[in-house]
Amino acid sequence: MRRILGIVLGLLLIGGVLYVVAFQGQDHPETTATKTVRGVIGSEKSEFFRDPDVVKALAAKGYTVRTETSGSWAMNQLALKEFDFAFPSSSEPAKEVAAAAGLKGVQETKPFFSPLVVIARQGAAKVLADNGLARMTGKNSGTLLMGPFLKASGEDRTWQQLPGSAAHAELTGTVFIKTTDPSSSNSGALFLAATSNVANGNTVVADDAGIARTAPLMRKLISVQGALEPSTDDPFRAFISGSGEPLILVYESQVASLLLQKQDPGDMVVLYPDTTVNSAHTFVPLTEQAKELGTLLATDPKLRELAVLRGFRPQEGVAEFTAATAPHTAYLNTGLTGIRQVGTPTVKILMALAQRAKGQGDTP
């Protein structure tokens, strides 16, 4: 009997071990991603999706996400059948993606947004402020006065013509903001949306007459830059490394992420244009595999927290962003105080402005 009892107990012990091995993973769902989805995203979201904590949080919800980058306005020209989702940087190119993919009634999601800002070094920001083109609110923050700045751009003003610039040897040539290509990149397109609004008497450009009125100035803003960048990533990295142009258009999220990741901003000054268009990052599911991913990004508490840590403002998440960035208000205008937010022209008008700005067409 003792021998039989020993055998039974041994079998029970082995069974218990096998049970533990078989079911231990159920207490740790973060290690059991079941869906692998592929998406095309704006480059400003690359670090978010590469973040190990984001990878882990997505895996806990059953997703492994693979991404590649593209200019938001060029996504509709890609072989979209190769992707499960597209994640451009605003709603207008998202509509173009959905149309190109032949999708009707697609459930787009806007998990987070980010305003555009201009980063400058302290010397450049001081010269702008001393000449009435900007207003400083602190050592590392201020407001770009779009009316006066665009007037100076229309007059082809150079740094040398601005009193005080002689003390800064790096400030030479025409005063301009380095942007991305407005015909393919979202930030460049939204820059034209905001500047054309100001140039059009603080009204959204909506017809051929508005294009004709504003196109010459848009052409000056773009042509002076030379080669145009496909995304904000490279100009931003160049600035952080100590090179690049004196004034660079980037997303606030790039600056906020740098600060929240405790990286050194150097002598950066963040200038918020007093007229701007917010960039609502818009998730477009292209297959059933990715249908719920956009909702997760918008609603899951952990993913929202991680989005904030990468500098993004969750939709209806003012308190979350304000709390996380409280130590960095010397750089960030968390409440967007004094900023006029305007609408965008239609896709047709905006792309016509972009082509005219690049000297590629005289008619919309």
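Leu-247 is in contact (heavy atoms within 4.5 Å) with Val-118, Ile-119, Ala-120, Ala-124, Leu-128, Phe-149, Trp-159, Val-175, Phe-176, Ile-177 and Lys-178, its neighbours within four places in sequence being left aside. Apart from it lies another core, of 21 residues, which includes Val-54, Tyr-63, Val-65 and Leu-293. A nonpolar core here is a set of buried Ala, Val, Leu, Ile, Met, Phe, Trp, Tyr and Cys residues joined through side-chain atoms within 4.5 Å. Buried means under 20% relative accessible area, exposed over 50%, and partly exposed in between, with a 1.4 Å probe and protein chains only.

The model is predicted: local features need pLDDT of at least 70 and side-chain atom pairs count only at pLDDT 80 or more, while totals for chains, interfaces and linings use all residues. Residues are numbered from 1 along each chain as its sequence is written, and side-chain values use heavy atoms, with hydrogens and water left out.

The largest nonpolar core has 48 residues, and those with the most contacts inside it are Leu-128, Leu-144, Trp-159, Ile-177 and Leu-247. At least two residues of this core come from each of β5, α5, α6, α7, α8 (208-223), β8, β9 and α14 (347-357). Helix α14 gives the largest share, 8 residues. Helices (H or I, at least four residues) and strands (E, at least two) are DSSP runs, numbered from the N terminus.

Helix α5 (residues 122-130) has Gly-123, Ala-124, Ala-125, Val-127 and Leu-128 buried. These buried residues pack against β5 (116-121), β6 (134-138), β7 (141-144), β8 (247-251) and β9 (268-273). After α5 comes Gly-132, with a positive phi near 75°.

Lys-178, one of the contacts of Leu-247, sits in the loop between α6 (146-154) and α7 (186-199). Lys-178 is buried but has no salt bridge, and Glu-229, the nearest side chain of opposite charge, is 4.9 Å away. A salt bridge needs a side-chain nitrogen of Lys or Arg within 4 Å of a carboxyl oxygen of Asp or Glu. A polar atom of the Lys-178 side chain lies 3.4 Å from the backbone oxygen of Gln-225.

Elsewhere, 6 strands form an open sheet with mixed pairing, in the order β2-β1-β3-β11-β4-β12. β2 (63-69) and β12 (313-314) stand at the edges with a single partner strand each, so one side of each has no neighbour in the sheet. Strands pair if DSSP finds at least two bridges between them. β4 (residues 109-114) and β11 (residues 279-285) pair in the antiparallel sense over 4 bridges. Phe-112 has His-281 in β11 as its bridge partner.

Methods
Lys and Arg count as positive and Asp and Glu as negative; His and the chain ends are not counted. A polar contact is a pair of N or O atoms within 3.5 Å; within protein, one must be able to donate a hydrogen and the other to accept it, and residues adjacent in sequence count only if both atoms are side-chain atoms.
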